[in-house]
Amino acid sequence: MDRMTLEEKIGQMVQIERKVATPDVMKNYFIGSVLSGGGSAPAEKATAETWVNMVNEIQKGSLSTRLKIPMIYGIDAIHGHNNAYNATIFPHNIGLGVTRDPDLLRRIGEATALEVRATGIPYVFAPCIAVCRDPRWGRCYESYSEDHKIVQQMTEIIPGLQGAIPANSRKGIPFVGGKQKVAACAKHFLGDGGTTRGIDENNTVIDYNGLLSIHMPAYYNSVNKGVATVMVSYSSWNGVRMHANRDLVTGLLKNKLKFKGFVISDWQGIDRITSPPHANYSYSVQAGVSAGIDMIMVPENYTEFIDELTRQVKNNIIPMSRIDDAVERILRIKFLMGLFENPLADYSLVNQLGRKEHRELAREAVRKSLVLLKNGPSVDKPMLPLPKKAAKILVAGTHADNLGYQCGGWTITWQGQSGNDLTAGTTILNAVKNTVDPATQVVYNANPDASFVKSNEFSFAIVVVGEPPYAETSGDSLNLTISEPGPNTIRNVCGNVKCVVVVVSGRPVVMQPYVGIANALVAAWLPGTEGQGVADLLFGDYGFTGKLARTWFKTVDQLPMNVGDSHYDPLFPFGFGLTTKPNKY
């Protein structure tokens, strides 16, 4: 650091989007980091090799600078390496919380690290350790549970991503174990899941004790496990923007918890300190950097940020000691990861992307994440497991044959998409076809009318309905209904034949009107690419074991309603989940 100019130091604090990250920009502005925003890839359906080439091309710009400090490339690997074509897409966090299985999370972290490294990338913006307290929030599926104790258990994904911290390690010192591991990022600090009415990026109204006891605990675990970075939340706490909250970012996280990694902003996070965003950029820069944010995800107007921060340091508005703290933390991560020794990626791991063993792991995660909410009219008359041998069965619903719907948001694109062409995987319909006896006729009709159902004499039906994909603010919902024509499909099918309803959604949704008419009801959350895991349970190759990690409400006017609340009157309580025995027993 003694050898670095102010220009070189400030460059380290800048993270820019890959679209603007030419080798010349890297070289001329000493840029410290680059990211892919949601859905930002070098090409449509890019191969692992194409990713590696892009990352290396950018890196060569950094390596041509005077001090040859490598840039660190980051990406959102929210449920597997979700921006990359052919990657294994794991269930979203809401499903993983159901498993209450830290070892499974560690293994998912290991697989995700390998798939991300396969594309030449060493840093992921995961895990999200939000404690979602209101399912109206569009990011609720990124939260493991409404209960911080489950979220704390799930931080075991961090040693999976980064490697297990050495036994003698000092508290707060980050750890990343080499070329098959990635730097992780605990996010979004702090209180992102507690905003009023679940409005994204809004205000979390809670006293300090509540903030510490609900939203903070998983950060203790993450720091103790050596997490490399922490991302700040867009949201506010009692009216103060987290991106401007020095007491919490510097006072609590850096000083009290002794966190020695770097703190990164969210996308345009400092811009959004003001309302409207970017209304007073010099204030945003001063407030964000002074709060203790080390790396700024600018992500495009980097010259404006560099000029403004340079001006403030030269005018003693921001002290040099604050710049040095930021750069020291960023360089510490780059050194301990081995980026200086191995700045360029190679093709040695390309076969890890979407590898069979990882897909099997995702399928196991699907099996452990489903929750059986109803099974037949009574305990002695269960509907599940379904028989594989039947004359003719109906598969219906908007979500039965739609891989994009099954994966949800943050899949190939930021918001997610509809259809089966987005990436490789198995839809629930195809999983059913793979599972039943060859003599069983499977009829698929997305939205059959009642007469079709009546006239066909089906043995039974599987109806797969739910929410369309969404991410962040566009997922905020005040009504939490399943998308049309889902309700109609349930009525037409279940009114005329024995049926199991499978709900594919990023959170509990309004189900009270349909519980009576459905013979069986399954919460499948957003299972990802390995839909075979759903059929594994429906047809009894494995038993249901999942227990709700979120309260399932009756009506939205009960919200927010979390386990332990005085007005607790759920449709299905936290911890609920029926079990079945596999057929072999």
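Which residues in α11 meet which residues in α12? Keep that in mind as you look at this predicted model.

**Two helices that cross**

Let's start with the helices themselves. Helix α11 covers residues 281-291 and helix α12 covers residues 302-314. Their axes come within 10 Å and cross at roughly 70°. That makes α11 roughly perpendicular to α12. As for handedness, α11 goes past α12 in a right-handed crossing.

Now for the residues. On the α11 side you'll find Y281, S282, V285, Q286 and V289, and they meet E304, F305, E308, L309, R311 and Q312 of α12. Sorted by class, this contact has 5 nonpolar, 3 polar and 3 charged residues.

**Another helix pair**

Next, have a look at helix α5 (residues 102-118) and helix α14 (residues 356-369). These two pack at an angle of about 145°, and their axes are 10 Å apart. Here α5 passes α14 in a left-handed crossing.

Who touches whom? From α5 come L104, R107, I108, A111, L114 and E115, while α14 brings H358, L361, E364, A365 and K368. The contact of α5 with α14 splits into 6 nonpolar, 1 polar and 4 charged residues.

**The largest pocket**

What is the volume of the largest pocket? It comes to about 330 Å³. The largest pocket is lined by 23 residues, and the closest to its centre are Y234, W267, W410, W414 and E472. By class, the lining of the largest pocket has 8 nonpolar, 5 polar and 10 charged residues.

Most peptide bonds are trans, and most residues other than glycine have a negative phi.

| Cis peptide bond between | Omega |
|---|---|
| K187 and H188 | about 0° |
| V298 and P299 | about -10° |

Where do these bonds sit? H188 is in strand β5, which runs over residues 185-189. P299, on the other hand, is in the loop between β11 (296-297) and α12, and α12 is one of the helices in the 70° crossing described above.

There's one more backbone spot to check, N316. Its phi is near 60°, a positive value in a residue other than glycine. You can find N316 in the loop between α12 and α13 (320-336).

So, back to α12: P299 lies in the loop between β11 and α12, N316 lies in the loop between α12 and α13, and residues such as F305 and L309 of α12 take part in the contact with α11.

Notes: Residues numbered from 1 in each chain as written. Predicted model: local features only at pLDDT ≥ 70, side-chain atom pairs only at ≥ 80, totals over all residues. Heavy atoms only, no water. Axes fitted to C-alpha atoms, helices over the stretch in contact; angles between N-to-C directions. Helix = DSSP H or I, 4+ residues; strand = E, 2+ residues; numbered from the N terminus. Parallel < 35°, antiparallel > 145°, perpendicular 65-115°, else oblique. Left-handed = near helix turned anticlockwise from the far one by under 90°. Contact = heavy atoms within 4.5 Å. Nonpolar A, V, L, I, M, F, W, Y, C, P; charged D, E, K, R; others polar. 1 Å grid on protein atoms, 1.4 Å probe; cavity = no way out; pocket = protein on both sides within 12 Å on 5 of 7 lines; lining within 4 Å. Points joined across faces, edges and corners; volume = space filled by probe spheres on them.
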